[in-house]
Amino acid sequence: MKKVGIIGVGEYLPKKVLANADLEKMVDTSDEWITTRTGIKERRLASNDEAASDLAIAAAKEALSSAKLAPEDLDLIIVATITPDMPFPSVASIVQNALSAKKAAAFDVSAACAGFVYALSTAQQFISCGVYKNALVIGSEKLSSVTDWKDRNTCVLFGDGAGACVLGEVKDGGIVATYLGCDGSNLNLLNLPAGGSRIPASHETVDQRLHYIKMNGNELFKIAVRTMTDAALTVLEKAGLKFSDIDLIIPHQANSRIIMAVAKRLGLTEDKIFLNIEKYGNMSSASTATALVEAAKEGRIKKGDIVLLDAFGAGLVWGAAVIKW
Ligand code: ACO
């Protein structure tokens with residue numbers, strides 16, 4: 001099996017900033033509540049003419065340039081998203097066309113906040129067994145398009161953005177182990193009820209606000225802490241490593257209190273945790289992606305470091321990965 005590593009990174013965050021103070025004017029909330037309960041200070045919002053594919057394409061271009069590869073070098077494009085431009089075709093097809101990545105296969109992965117880790121692990125399999133040489137993996141979301149801006153329980157949490165990685169064969173290090181899982185029994189805790197084949201869009205579904213994210217945050221909070229801790233333990237065991245070997249944990253950025261509770265259970269100190277939730281909120285699949293990209297760009301990850309990705313989201317699904325940088 002070939003060793004597969006991240007050879008290029010890129011991100012795109014829309015320019016428009018929505019601060020907690022702006023939300024105070026929209027719903028009955030306060031900067032103090034949002035900051036202390038979630039760790040979020042502001043989030044980015046895509047413009048009306050920007051869809052998930054536009055964010056993905058911008059992040060992809062930066063990742064390709066950082067990998068020093070041309071679009072024609074790509075064999076595979078996987079986009080993790082729960083906010084595709086439309087039900088079909090895939091965002092990955094739109095990205096493939098925009099980049100003119102002529103020989104790339106392309107498809108989307110729907111695994112909510114764990115989507116980026118699911119996509120990363122999928123791409124790794126194709127390269128490690130020699131089927132493909134280079135893959136582009138993107139987490140891209142326009143969650144603002146499915147956020148109920150009248151619901152204070154959810155609208156303070158989400159934001160828009162995209163992160164991208166190019167994967168290729170490496171001599172040393174790379175992805176050491178991944179662990180993906182699902183517990184579909186709790187899928188009602190977090191979903192978007194209408195617009196699919198179960199409840200197609202109608203005037204009634206619009207009137208009942210069924211095209212927006214519905215979430216039982218309190219229940220999810222407890223499950224997230226337990227599941228992310230277990231996923232981290234399992235992937236480390238698969239990698240044959242100990243917690244003391246971890247240089248940086250890059251968790252899904254749903255809530256800083258979830259992240260701190262997981263870190264406490266794992267015995268990790270704050271300097272080993274990467275956070276960008278304060279700036280961007282929860283961007284589902286794009287959260288882990290941009291956090292990894294920013295950690296690399298900011299020099300928080302050095303060559304030889306052991307990085308642990310740990311994500312959890314709607315499904316319920318989880319995904320963890322150990323990468324030697
Ligand atoms: N401003 C002010 N008050 C609020 C707000 C708000 N924005 N939102 C809720 N409240 C109120 C509630 O109404 C409630 O009031 P009550 O006690 O009078 O009924 C009170 O604050 C406490 O509400 P809780 O829901 O218990 O608050 P909690 O501390 O659990 O925080 C939160 C809520 C932030 C949603 C948290 O539960 C959380 O982060 N959950 C996990 C989310 C998650 O992990 N999602 C999975 C990934 S996301 C994905 O896959 C797309």
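The lining of the largest cavity draws at least two residues from each of β11 (248-251) and α9 (256-266), with helices (H or I, at least four residues) and strands (E, at least two) taken as DSSP runs numbered from the N terminus. The biggest contributor is α9, whose three residues make up the largest share of that lining. This is a predicted model, so to speak of local features takes pLDDT of at least 70, while side-chain atom pairs count only at pLDDT 80 or more and totals for chains, interfaces and linings use all residues. Residues are numbered from 1 along each chain as its sequence is written, and side-chain values use heavy atoms, with hydrogens and water left out.

A cavity here is a set of points, on a 1 Å grid over the protein atoms alone, where a 1.4 Å probe fits but cannot get out; a pocket is an open set with protein on both sides within 12 Å along at least five of seven lines, and lining residues have an atom within 4 Å of a point. The largest cavity comes to about 40 Å³, a volume being the space filled by probe spheres set on the points, with grid points joined across faces, edges and corners. Around the largest cavity sit Met-228, Ile-249, Pro-251, Ile-259, Val-262, Ala-263, Ile-273 and Asp-310. Seven of these lining residues are nonpolar, none is polar and one is charged (Ala, Val, Leu, Ile, Met, Phe, Trp, Tyr, Cys and Pro count as nonpolar, Asp, Glu, Lys and Arg as charged, and the others, Gly among them, as polar).

The second largest pocket has a volume of about 150 Å³. Its lining runs to 13 residues, with Leu-275, Asn-276, Ile-277, Glu-278 and Lys-279 nearest the centre. Helix α10 (residues 277-280) supplies the largest share, three residues. By class, the lining of this pocket splits into three nonpolar, four polar and six charged residues.

Turning to the sheet, five strands line up as β1-β7-β6-β4-β5 in an open, mixed arrangement, where two strands pair if DSSP finds at least two bridges between them. At the edges are β1 (4-12) and β5 (105-109), each pairing on one side only. From one strand to the next, the twist averages 20°. Helix α3 (residues 52-67) packs on the sheet, touching β1, β6 and β7 (160-169), and its direction makes about 130° with that of β1. Contact means heavy atoms within 4.5 Å; axes are lines fitted to C-alpha atoms, for helices over the stretch in contact, and angles run from 0 to 180 degrees between N-to-C directions. Within the sheet, β4 (residues 76-80) and β6 (residues 135-142) pair in the parallel sense over five bridges, and Ala-80 stands opposite Gly-139 in β6.

Helices α5 (residues 115-128) and α11 (residues 285-297) pack at about 70°, their axes 6 Å apart. That makes α5 roughly perpendicular to α11, a label given to angles of 65 to 115 degrees (under 35 is roughly parallel, over 145 roughly antiparallel, the rest oblique). Here Gly-115, Phe-116 and Val-117 in α5 meet Ser-285, Thr-288, Ala-289 and Leu-292 in α11.

As for the backbone, the peptide bond from Phe-88 to Pro-89 is cis, with omega near 0°.
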